[in-house]
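Start with the structure itself.

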Amino acid sequence: MQRLRDVLADGVATVCRAAEVSANELTYAFFGLPAYGEVRSAIPSIDAAVRAALGHDRFGCDNDMVCGWAGSLGGADGINVISGTGSMTYGEHAEDRALVGGWGELIGDEGSGYWIGAQGLRAFSQMSDGRRPPGPLLDVLRDRLGLEADLDLVDVVMHRWQGSRRQVAALSPVVVDAARAGDACAAEILADAGAELAALVEATRRRLGYSDGEAVPVSYSGGVFSAIEVRDAFTRALARSAADYRLSDPLYPPVVGAALYAARLAGTPLNDRARTALRSAALDR
């Protein structure tokens, strides 16, 4: 909690310095925080840390998925799916809200960077053993990790990295490189990732109560979607559904989504001119 308090205090001070305003001049603020709400007993302490950083009560807090949703769809009804280190969806429809996924790497996070990296590591071990036909993934991963012997993978991942979620997720581009080098197993992993992410969207649609035939706006965020292979597989999986999904590129990045949501919570949604200015500023960064 002390680390959280320090990060929030530094972040608020940095933003206010850049904007040349004081925290007290802020009409409203929204904080999208990873894992917010997952440990309910911690919510009062987190809210208190935000209050201390701002010096007032004009703020809202929620999971950082809300920022991705508000940014990608401009705060309109629909569903946002994120695939970065982890994976999850958030959507709103009329008065309903739903968050699906986000169970962590040991339980879920299907289609995420971690999931792709872990699947790639499993495929490497199977290829090395002869349990699966060898492919370019072997040499791509050997080169990436500097392995002198294949079994050194255990030392790297389990001992040096201590099973680090971030380090394993960082291997997802290696799987992409292997797929582009013609590795059928790596290509299958990426296709499965897209299908898993589409399944999250489908579950979210049902929980939000969209009726059959009703248009469902969908967008995305997170680094995994930078891989065209995952994006195409995701698009194909949505197209196979009976639902009327309307997939679009994100309108704004999540950081702008936080500003849009703050204005909405304050009861003063930003007008088109303000949205255009925010979009231009975000693109210039």
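Tyr 261 is buried, at a relative accessible area of 6%. Buried means under 20% relative accessible area, exposed over 50%, and partly exposed in between, with a 1.4 Å probe and protein chains only. This is a predicted model: local features need pLDDT of at least 70, side-chain atom pairs count only at pLDDT 80 or more, and totals for chains, interfaces and linings use all residues. Residues are numbered from 1 along each chain as its sequence is written, and side-chain values use heavy atoms, leaving out hydrogens and water.

**Aromatic pairs**

- The structure holds six aromatic pairs. Rings of Phe, Tyr and Trp (its six-membered ring) pair if their centres lie within 6.5 Å; planes under 30 degrees apart count as stacked, over 60 as edge-to-face and the rest as tilted.
- Phe 30 and Tyr 261 have ring centres 4.8 Å apart and planes at 65°, so they form an edge-to-face pair.
- This pair links distant parts of the chain: Phe 30 sits in strand S1 (residues 29-33) and Tyr 261 in helix H11 (residues 254-265), 231 residues apart. Helices (H or I, at least four residues) and strands (E, at least two) are DSSP runs, numbered from the N terminus.
- Phe 30 also counts as buried, at 9% relative accessibility.
- Phe 225 and Phe 234 are edge-to-face too, because their centres are 5.3 Å apart and their planes stand at 75°. Phe 225 is buried at 2%, and Phe 234 at 0%.
- Ring pairs join Phe 30, Trp 69, Tyr 90 and Tyr 261 into a cluster.

**Largest pocket**

- The largest pocket holds about 1000 Å³ of space. On a 1 Å grid over the protein atoms alone, a pocket is an open set of points where a 1.4 Å probe fits, with protein on both sides within 12 Å along at least five of seven lines; lining residues have an atom within 4 Å of a point. Grid points are joined across faces, edges and corners, and the volume is the space filled by probe spheres set on them.
- Its lining has 36 residues, with Val 15, Phe 30, Val 255, Ala 258 and Ala 259 nearest the centre.
- Helix H1 (2-19), S1, helix H3 (65-73) and H11 each give two or more residues to this lining. The largest share, eight residues, comes from H1.
- The lining divides into 28 nonpolar, six polar and two charged residues. Ala, Val, Leu, Ile, Met, Phe, Trp, Tyr, Cys and Pro count as nonpolar, Asp, Glu, Lys and Arg as charged, and the others, Gly among them, as polar.

**Helix H3**

- H3 is mostly covered, with nine of its nine residues buried. Among them are Trp 69, Met 65 and Leu 73.

**Nonpolar cores**

- The largest nonpolar core has 53 residues, and Ile 116, Leu 145, Val 201 and Phe 234 touch the most other members. Such a core is a set of buried Ala, Val, Leu, Ile, Met, Phe, Trp, Tyr and Cys residues joined through side-chain atoms within 4.5 Å.
- A second, separate core of 15 residues includes Leu 8, Val 12, Cys 16 and Leu 54.
- Val 12 lies in helix H1 and is buried at 10% relative accessibility.
- Beyond its neighbours within four places in sequence, Val 12 is in contact (heavy atoms within 4.5 Å) with Ala 23, Phe 31, Ala 53 and Leu 54.
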